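Have the viewer open as you read.

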Amino acid sequence: MIQAVFITERYTALSPEEMNNKNGFIALSYFGVDRNGSPKYIGKDELEKQLGVLKEQGFETISQQQIIDFYEKGIPLPEKALFLSFEDGRTDSSIFSQKVLEALNYKATMFTYADKMNTSDTKFLKPRHLEDMVDSGYWELGSNGYRLTYINIFNGKGQYLGEIEENDVPDKTTIEYYNHYLMDFLRDEYMIPKETSLEMQQRITTDYELMDEIYTKSLSSMPKAYAIMHANSLYNNMHTTVESVNDKMIKKYFSLHFNRDLNAYNSIAEDENLYNLNRLQVSPNWPVNHLLMKIQNDSKWSMDFEKGDESIASKWLVKDGVGEFNQQKMILTTEPGKEVKATLVDDLPSEFTASFDLKGGVMGKQSVSLQGKDDQQQIYITIERNKLHVYEKIYQKEPKLIFEQQLDELNWSGEDYAFNKATQYDYFDTQQGSRIDEEAYPSTLLNNRHMSMTLDNGTLHLKVDQEDLIEVALPITSSTYQLALGGSNIPRKRSHEQDVDTIYDSIFENIVIQSPDKVLYTVQESQMESFLQSISKMGSNIIDFFIEVF
């Protein structure tokens, strides 16, 4: 407990000789960190893994002042420069990331809300905590704003709900359209402004002035860095008079502003400057290779992807993506917009059974294909949006659907949604009804399906969750077969979430392949390993219980 809470080390800055990058840097932001991970917050072990991999590949963190000097004076940065930040000013983010920063000699910015400085809510860091963090050298301070309040809210029935504080929203899936407090006029049920331009300017100006007053009183000065929540509107599609007052106040109080949150890379391009910076908000369900693929795509820096256990990885040939292979799990990460496929190097006999658990995102596609050796015909099986499809597929021709079935509904909560970003809309938009597709699930929700397939005398028997679903005669006859596992992202036309990611992680666990007389492939844990995992999880759940209750 003492080691987890108290700061015991001091940050050491890099020397100027280690700076030679005049092109740009990446900025990563984590919304929160907790012990085990959740739809909202990354787990501490996964955070340690991600940042550790970046350190191994030469990434070094940079300060706010280094960013300012880079743009204003052309002073170079480390070769692979990383601006690291955490949003929301959460206590658990500080506790669970502190030792990681110390171990890697990394510096980060903690963004906070001004109105949380003097509350009794222990979820949020208080001024005395923030001052200790800054004194260690591992932390700088930033602001997410004065408060997080939604305005001009409409539900899925087109009913007007007005303005609501973020903490007072009962269920975010009931909110269909909304905006951030600083991003628009206050409007009525017909989306007609209910305040004049002068009143809007005074309201927004007051928000910044209150922010300044609280930070100056609590911490002696305003932070230099600002990261507006629900970003991407300012300087893009915000009402010009609303944009003007925000621009004026931001430049009055802050030295740099992270205004966009869809990409990681910042350069000296014409549209990128100290007040229009990118920060990539890392999703808590991304495996490390997903993050590396996103950084590589954004920055064009070449990444070394994690393979995991080399002896297991050597048994698979991966195309159009990368694979991380461990004792119990295979994580296949696509290249942007492509379908990843991992083909088992060893051919399978004409009689075998293969079983595995599918744990990739429900709103993507996980696939299994079986093809005769040197044959261009195959059986192609997918689970996408919680529906099973079986196709006959011939090379370079459209697949023929021969079977489909909706699977049992999955349990999930409105809290699983990564809520959509604030945006501009009109009254007619608000009356269009819910944007949630009836077949849509949260992007953070994972499959939890067990699949087994048995090939016997040219007939394929398929089971999902122990239920017999289909027997099909293969369009191919062969003495040996190739098995491939894969997956891809599915574009979404309508969504309740921010959904612009074109990278997908297809996850398979507990893969076992056996013929009638022997085991052909397995990487399952031993019974002892499974027992120890269960004991560890039980202990972790007990600790979580006491944290939540007390």
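## Helix packing

Axes here are lines fitted to C-alpha atoms, for helices over the stretch in contact, and angles run from 0 to 180 degrees between N-to-C directions. On the helix 2 side, the contact involves Glu 46, Lys 49, Gln 50, Val 53 and Leu 54, and on the helix 8 side Val 288, Leu 291, Leu 292 and Ile 295. Contact means heavy atoms within 4.5 Å.

Helix 2 also packs with helix 4 (residues 91–104), at an angle of about 20 degrees and with the axes 10 Å apart. That makes helix 2 roughly parallel to helix 4, and this crossing is right-handed too. Here Lys 44, Leu 47, Glu 48, Leu 51, Gly 52 and Lys 55 of helix 2 meet Phe 96, Ser 97, Val 100 and Leu 104 of helix 4.

## The model and the whole chain

This is a predicted model, in which local features need pLDDT of at least 70 and side-chain atom pairs count only at pLDDT 80 or more, while totals for chains, interfaces and linings use all residues. Residues are numbered from 1 along each chain as its sequence is written, and side-chain values use heavy atoms, with hydrogens and water left out.

The protein chain has 11 helices and 33 strands; these are DSSP runs numbered from the N terminus, helices being H or I with at least four residues and strands E with at least two. Of its 550 residues, 54% count as buried. Buried means under 20% relative accessible area, exposed over 50%, and partly exposed in between (1.4 Å probe, protein chains only). Among contacts between residues at least 6 apart in sequence, 68% join residues at least 24 apart.

## Aromatic pairs

How many aromatic pairs does a search of the whole structure find? The search finds 19, counting rings of Phe, Tyr and Trp (its six-membered ring) with centres within 6.5 Å; planes under 30 degrees apart are stacked, over 60 edge-to-face and the rest tilted. One of the pairs is Phe 31 with Tyr 41, whose ring centres are 5.9 Å apart and whose planes meet at 10 degrees, so the pair is stacked. Phe 31 sits in the loop between strand 2 (24–30) and strand 3 (33–34), and Tyr 41 in the loop between strand 3 and strand 4 (42–43), so the pair ties together parts 10 residues apart in sequence. Phe 31 is partly exposed at 29%, whereas Tyr 41 is buried at 14%.

Phe 356 and Phe 508 have ring centres 5.9 Å apart and planes at 90 degrees, so this pair is edge-to-face. Phe 356 belongs to strand 23 (residues 352–358) and Phe 508 to strand 32 (residues 505–514), so parts 152 residues apart in sequence are tied together. Phe 356 is buried, with a relative accessible area of 0%, and Phe 508 is buried with 0%. Elsewhere, ring pairs link Phe 25, Phe 70 and Tyr 71 into a cluster.

## Charges over rings

The charged end of Arg 203 sits over the ring of Tyr 181, 4.8 Å from its centre. Lys 393 lies over the face of Tyr 380, 4.2 Å from the ring centre. A charge sits over a ring if NZ of Lys or CZ of Arg is within 6 Å of the ring centre and within 35 degrees of the ring normal.

## Positive phi

Most residues other than glycine have a negative phi. Lys 300, not a glycine, has a positive phi of about 70 degrees; Lys 300 lies in the loop between helix 8 and helix 9 (310–313) and is exposed at 64%. Asp 320 has a positive phi near 60 degrees. Asp 320 is in the loop between strand 18 (316–319) and strand 19 (321–325) and is partly exposed at 28%.

Methods:
Angles under 35 degrees count as roughly parallel, over 145 as roughly antiparallel, 65 to 115 as roughly perpendicular and the rest as oblique. A crossing is left-handed if the near helix is turned anticlockwise from the far one by less than a right angle, and right-handed if clockwise.
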